[in-house]
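Here are my notes on the pockets and cores of this model. Please read them with the structure open.

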Amino acid sequence: PTGVGKTYLIKTLAKLIGVPFVKADATKFSETGYVGGNVEDMVRDLVNEADGNVELAQYGMIFIDEVDKIATANNIIGRDVSGRGVQTGLLKLMEETEVDLTTPYDPISQMRAFMEMQRKGKIEKKTINTKHILFFVSGAFNQLEDIVKERLQKQGIGFGAEIESKRSNINHMEQCKSMDLIKYGFEPEFIGRLPVRVVCHELSVEDLYNVLKYSEGSIIKQYRMAFKAYGIDIMFLDDSLWKIAEKACEEKTGARALATICEKVFREFKFELPSTDIKSFVVTPDMVENSVEELKKLINDNSENRRLIARLLVEEYEKEFLDRHRIGLKFTSEAIDIINQRAMSEGTDIKSVCNKILEYYGHGLNLIKRNTGKSEFVITEGVINDPVGTLDRWVKDYYAAKPSETG
């Protein structure tokens, strides 16, 4: 299906192996001699990607997308130069052939040949062999599933007929055979040169959520940068990322739908927030569901947004404290509210307030951990109001309890 990462899959594969990679769209090609691209141009592009290293280019990868668009339609009368003609041109490339690196129709190639003729008195023919070039083709193949279903459908008459349940969960695309692709509109010789077939599945809600949260080029990171240009920090709750993924899954366009949903959600935010005094905000599931109404609430009353920001920043502090001291902290809601108020009154940030309050807690809590094994502590309102006294009392209490516990 569209948007499942077919191109990215092959591009990453070429990068891992360390060979040049060329992607081409099958719709731009036509049969040699007609207006349009020539399939041999892909092989020449492979040499360019290898910086002129023909030896390396001979082991490169060529990825042809939208190959289903060159299937021959049944209603075409006459010569199909963009369908059957392209398939015929690809046949010789997928086997073993020598491709001339100079294009006879290219003015630059003609000038180079002319200069070489003047300098050497002859033109040295440069070619590349396609024997070891690995070809991939891909496409959405709409209506192919119907062809497979028609072949698999078993019809019978009488009491002895085998009845197939209509509810049976069969992945018909995985049952695809060469005869189905030939019926779809491909030449038997073309299909015979593509022996390995893989079915990509639609991305689930969980897949889209992982793309949002963990992928290197996540659109969430792009929106963070876009808002940062206006001096605005944007943060996301996990629930809101999941809600975006759910809505994107309904679009049925794969990972591309994430951009569609995010643009719907944040379009008004990008125009409205830069003219306000709001310098940070948290994206909630309600914002994803009803962005216009939630934007009005955010502009009119920012108090709830501040509390959400404080909670997220405190959670980040908890993770950092765990990484530094191997001690788990859990702040109560009352404690977070006090920290937030103190940060606002002092004109500082949440993490600075937390560091100031719990300055000695790393060492003190590790003493308790070594003697009792306790590694998780709850930070309450009392801890925030009297951090030194609370830590002193905790250390004394745990040390006093130690002898009785061991007998």
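This is a predicted model: local features need pLDDT of at least 70, side-chain atom pairs count only at pLDDT 80 or more; totals for chains, interfaces and linings use all residues.

1. The second largest pocket has 26 lining residues, and Gly3, Val4, Gly5, Tyr8 and Ala255 sit nearest its centre. Two or more lining residues come from each of α1, α9 (205-214), α10 (219-228) and α12 (256-272).

2. The largest pocket has a volume of about 1,400 Å³. Its lining counts 50 residues, with Gly139, Phe141, Val198, Val199 and Cys200 closest to the centre. By class, 31 are nonpolar, nine polar and ten charged.

3. Which element supplies the largest share of the lining of the largest pocket? That is β5, with four residues. Elements that each supply at least two residues are α1 (6-17), β5 (134-137), α6 (144-152), α8 (188-192) and α11 (238-251).

4. The largest nonpolar core holds 36 residues. Met42, Ile62, Leu90, Leu93, Phe186 and Phe190 touch the most other members. Elements giving two or more residues to this core include β1 (21-25), α2 (40-49), β2 (61-65) and α7 (178-184). The most comes from α4, which gives five residues.

5. Take Leu93 in detail. Beyond its neighbours within four places in sequence, Leu93 is in contact with Val39, Glu40, Met42, Val43, Val99, Thr130 and Phe135.

6. Another core lies apart from the largest one. This other core has 29 residues, including Ala245, Val265, Phe281 and Met287.

Methods. Residues are numbered from 1 along each chain as its sequence is written. Side-chain values use heavy atoms; hydrogens and water are left out. On a 1 Å grid over the protein atoms alone, a cavity is a set of points where a 1.4 Å probe fits but cannot get out, and a pocket is an open set with protein on both sides within 12 Å along at least five of seven lines; lining residues have an atom within 4 Å of a point. Grid points are joined across faces, edges and corners, and a volume is the space filled by probe spheres set on the points. Ala, Val, Leu, Ile, Met, Phe, Trp, Tyr, Cys and Pro count as nonpolar, Asp, Glu, Lys and Arg as charged, and the others, Gly among them, as polar. A nonpolar core is a set of buried Ala, Val, Leu, Ile, Met, Phe, Trp, Tyr and Cys residues joined through side-chain atoms within 4.5 Å. Buried means under 20% relative accessible area, exposed over 50%, partly exposed in between (1.4 Å probe, protein chains only). Contact means heavy atoms within 4.5 Å.
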